[in-house]
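These are my notebook entries on a structure that I had not examined before. I set down what I looked up, entry by entry.

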Number of protein chains: 2
Amino acid sequence: MTSTQALPSVNNTFGKTVKPISVPKRHLFGPGPSNANPLVLEALALQPVGHLDPYYIDLMAEVQDLLRYSWQTTNRLTLPMSGTGSAAMEATLANIVEPGDTVLVGIKGYFGNRLFDMAGRYKANVQTIKTDWGKAFSLEQIEKALKEHNPSVFALVHAETSTGVCQPMEGIGELCRKYNCLLILDTVTSLGGVPLFIDEWKVDLAYSCSQKGLSCPPGLGPFTMNERAENKLKSRASQVPNWYLDVSLLNKYWGSDRVYHHTAPVNMNFGMREALRLLLDEGLENSWKRHKDNAEALWDGLENLGLQLHVERRLRLPTLTTVRIPNGIDGKAFATHLLNNHGIEIGGGLGDLGGKVWRIGLMGYNSKIENVELLLDIFKSELPKF
Amino acid sequence: MTSTQALPSVNNTFGKTVKPISVPKRHLFGPGPSNANPLVLEALALQPVGHLDPYYIDLMAEVQDLLRYSWQTTNRLTLPMSGTGSAAMEATLANIVEPGDTVLVGIKGYFGNRLFDMAGRYKANVQTIKTDWGKAFSLEQIEKALKEHNPSVFALVHAETSTGVCQPMEGIGELCRKYNCLLILDTVTSLGGVPLFIDEWKVDLAYSCSQKGLSCPPGLGPFTMNERAENKLKSRASQVPNWYLDVSLLNKYWGSDRVYHHTAPVNMNFGMREALRLLLDEGLENSWKRHKDNAEALWDGLENLGLQLHVERRLRLPTLTTVRIPNGIDGKAFATHLLNNHGIEIGGGLGDLGGKVWRIGLMGYNSKIENVELLLDIFKSELPKF
């Protein structure tokens with residue numbers, strides 16, 4: 001030993017024989033992760049390079065540019081957080097909320113509740129507007145709440161993964177400017193699959209994930225903030241109370257200084273780079289149309305089977321569909337049956353919709369007409385058995 | 001479109017043509033990431049499964065058991081944080097530090113400074129003991145500081161990646177018990193490569209990374225805490241001020257409840273599982289001996305070339321060696337030459353050692369005698385050109 005310290009002997013009872021990994025094949029038609037594009041998986045399996053390697057520095061810039069394209073933003077501070085979508089969600093709040101700031105959270109599903117929880121941890125005065133799980137907010141509701149609470153931040157979910165609702169965005173950014181508040185938008189289940197215009201819609205901060213519309217495994221959390229948000233960050237009286245997600249530090253690594261912050265998850269960024277490249281190759285409009293076409297085929301097919309969809313058609317997310325579980329059917333038993341006997345994952349309900357809906361995702365690589373047909377066939381053949 | 005909202009047209013100037021990924025081959029002999037074991041990379045490239053899939057739940061338990069073996073601990077709360085080693089570092093502080101708690105940080109390199117920065121963000125009363133970058137603390141120094149500051153937490157780096165020093169651990173845990181304080185240990189550059197006994201050494205919380213001794217790419221941060229630390233967490237007067245890293249929430253997902261917290265980085269955990277399995281197959285003692293033997297061969301070879309090592313032999317880390325840059329040599333130019341012309345990455349100095357040392361890592365999969373020979377040959381042939 002290099003040290004003169006006496007060492008205990010290794011306790012091998014902690015270990016046991018473990019066989020090489022063997023992962024079952026799944027069709028991931030739940031709320032995410034979705035199946036990854038095989039080219040993305042190939043990129044993940046490349047030998048890493050150093051996080052300050054000139055090659056990697058160039059790749060970081062590519063990832064940033066491609067994210068800007070995907071989000072339709074020119075924001076300089078656009079980067080993938082080195083954690084999942086929830087880390088990127090937390091990063092939006094951690095960086096711009098100071099103790100005592102009023103944060104208005106729109107709650108119309110599970111992820112609104114999460115924003116509420118997080119904002120409280122950053123000592124915000126958290127106010128809420130709520131609507132039913134399965135509905136969207138109207139401009140009138142939002143304006144009333146902005147007037148009443150005068151928040152410095154309004155946090156809203158664009159694509160609510162728990163309900164399958166796509167929040168119409170027209171006019172919301174303008175209202176936030178009018179009432180002088182920053183707009184945070186959760187685009188976890190919309191990026192890549194649903195029309196999204198960060199700059200046009202006057203969204204100040206947004207976040208997303210890697211494992212849905214982008215066809216990459218989970219592990220990175222795309223994040224973007226504009227100059228209005230950056231000004232709020234710069235004017236903080238105190239440090240960001242979260243070192244790992246502090247954009248003022250991250251900016252020194254992702255910006256021109258290239259100062260080491262943390263060792264980047266290099267391989268996940270290889271995967272993200274390929275996922276975004278494939279989205280660029282397809283083109284955003286084509287990807288959006290593909291998601292819409294396949295979702296409509298799914299909706300029509302499910303309705304033809306006599307099933308009821310939870311969300312009215314004009315608000316439905318093309319990426320995630322909530323299907324009401326018919327009376328008398330054990331929704332969990334059906335989902336377990338599909339997983340165990342057909343390798344098909346669909347999601348159950350969360351929170352208020354627990355036990356009431358199934359959640360069917362067709363996102364990114366998985367949004368294909370063959371998958372729509374597979375799902376409709378399986379519902380047709382298996383549901384009558386329950 | 002599913003919504004009636006008028007949409008802007010897509011701005012394609014954000015995008016540009018991007019070619020398929022092509023990553024240069026590197027020998028990663030810097031401070032990490034190291035090259036990954038090819039079997040780990042194969043596991044990374046498997047199609048994901050859902051984060052609540054029964055298969056994945058079993059895999060999580062395997063990862064936990066294998067981490068316990070690698071750290072030699074029975075701690076129930078042992079899991080990989082869904083971020084890099086720095087996230088796991090922050091998790092140790094975020095969970096057990098409450099505003100006003102006195103935290104004593106041992107600073108003898110760059111990562112001690114990082115602990116200092118983080119602890120301040122959690123509003124601790126941060127006190128420090130310091131020693132030169134290249135030295136370790138003595139028990140006397142530590143006891144004096146514990147007496148003087150009466151901290152509730154003492155945070156110490158076992159393997160300082162910035163200096164190449166391995167802190168002797170004998171007696172430190174006992175001192176922390178005697179002075180009623182929790183011991184946090186940074187094992188980022190020791191896990192898998194250097195003898196490490198969390199339970200025997202009475203370490204209360206520890207963290208590490210995936211990309212060094214474990215031969216996996218960066219992206220996960222192993223974390224462990226014992227019952228003493230858990231009691232401190234349970235007795236908090238306020239919520240953990242960090243949602244993503246809150247162990248009381250994570251425990252509901254990793255514990256028997258399996259309550260959804262965030263979408264796990266499934267593929268990184270596939271890789272981690274294989275990395276840990278390979279370590280178990282080799283056996284901890286064999287891995288430690290391999291690192292030690294190869295490090296000693298490197299040290300002898302470098303000294304035979306007339307180079308001076310920065311750390312006295314008894315304190316040297318087998319995973320990371322700091323080599324003094326000879327007078328008159330531009331250390332950065334030499335490292336750049338090795339990278340650009342030989343595909344070999346070595347690290348430069350950080351902080352106090354910036355410009356003064358090279359950092360050579362032989363960790364995990366990279367700790368092989370062929371790599372020692374490659375390094376010695378390249379130093380022998382290339383250094384005289386500078």
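How many residues of chain A are in contact with residues of chain B? I found 89 residues of chain A in contact with 89 residues of chain B, where contact requires that the C-beta atoms of two residues, placed from the backbone, lie within 7 Å.

I noted the conventions next. The model is predicted, with local features needing pLDDT of at least 70, side-chain atom pairs counted only at pLDDT 80 or more, and totals for chains, interfaces and linings using all residues. Residues are numbered from 1 along each chain as its sequence is written, while chains are lettered from A and ligands numbered from 1 in the order in which they are written.

**Entry: the side of chain A that touches chain B.** I listed the elements that supply at least two residues each: α1 (38-44), α2, α3 (85-96), α4 (110-121), α9 (266-282) and α10 (284-304) of chain A. Helices (H or I, at least four residues) and strands (E, at least two) are DSSP runs, numbered from the N terminus. The most comes from α9(A), with eight residues. By residue class, I recorded 43 nonpolar, 24 polar and 22 charged on this side of chain A. Ala, Val, Leu, Ile, Met, Phe, Trp, Tyr, Cys and Pro count as nonpolar, Asp, Glu, Lys and Arg as charged, and the others, Gly among them, as polar.

**Entry: the relation of the chains.** I looked up how chain A is laid on chain B: a turn of 180 degrees and a shift of 0.0 Å along the axis give an RMSD of 0.0 Å. The superposition is by least squares on the C-alpha atoms of residues with pLDDT of at least 70 in both copies. This is the relation of a two-fold axis. Of the interface residues of chain A, 100% are also interface residues in chain B, so the copies meet through the same surface.

**Entry: the sheet.** In chain A I traced an open sheet of seven strands with mixed pairing, in the order β2-β10-β9-β8-β5-β3-β4. Two strands pair if DSSP finds at least two bridges between them. At the edges are β2 (77-81) and β4 (125-130) of chain A, each pairing on one side only. β2(A) and β10 (residues 221-225) of chain A run antiparallel and are joined by five bridges. I also noted that A:L77 has A:M225 in β10(A) as its bridge partner. Helix α2 (residues 54-71) of chain A packs on the sheet and touches β2, β9 (205-207) and β10 of chain A. The direction of α2(A) makes about 105 degrees with that of β2(A); axes are lines fitted to C-alpha atoms, for helices over the stretch in contact, and angles run from 0 to 180 degrees between N-to-C directions.

**Entry: the domains.** The automatic or database assignment gives chain A domain 1 (27-33 + 284-385) and domain 2 (38-280). I read 26 Å between the C-alpha centres of the two domains of chain A. Between them, 26 residues of domain 1 are in contact with 27 residues of domain 2. On the domain 1 side, α10 and β11 (320-324) of chain A give two or more residues, and α10(A) has the largest share, four residues.
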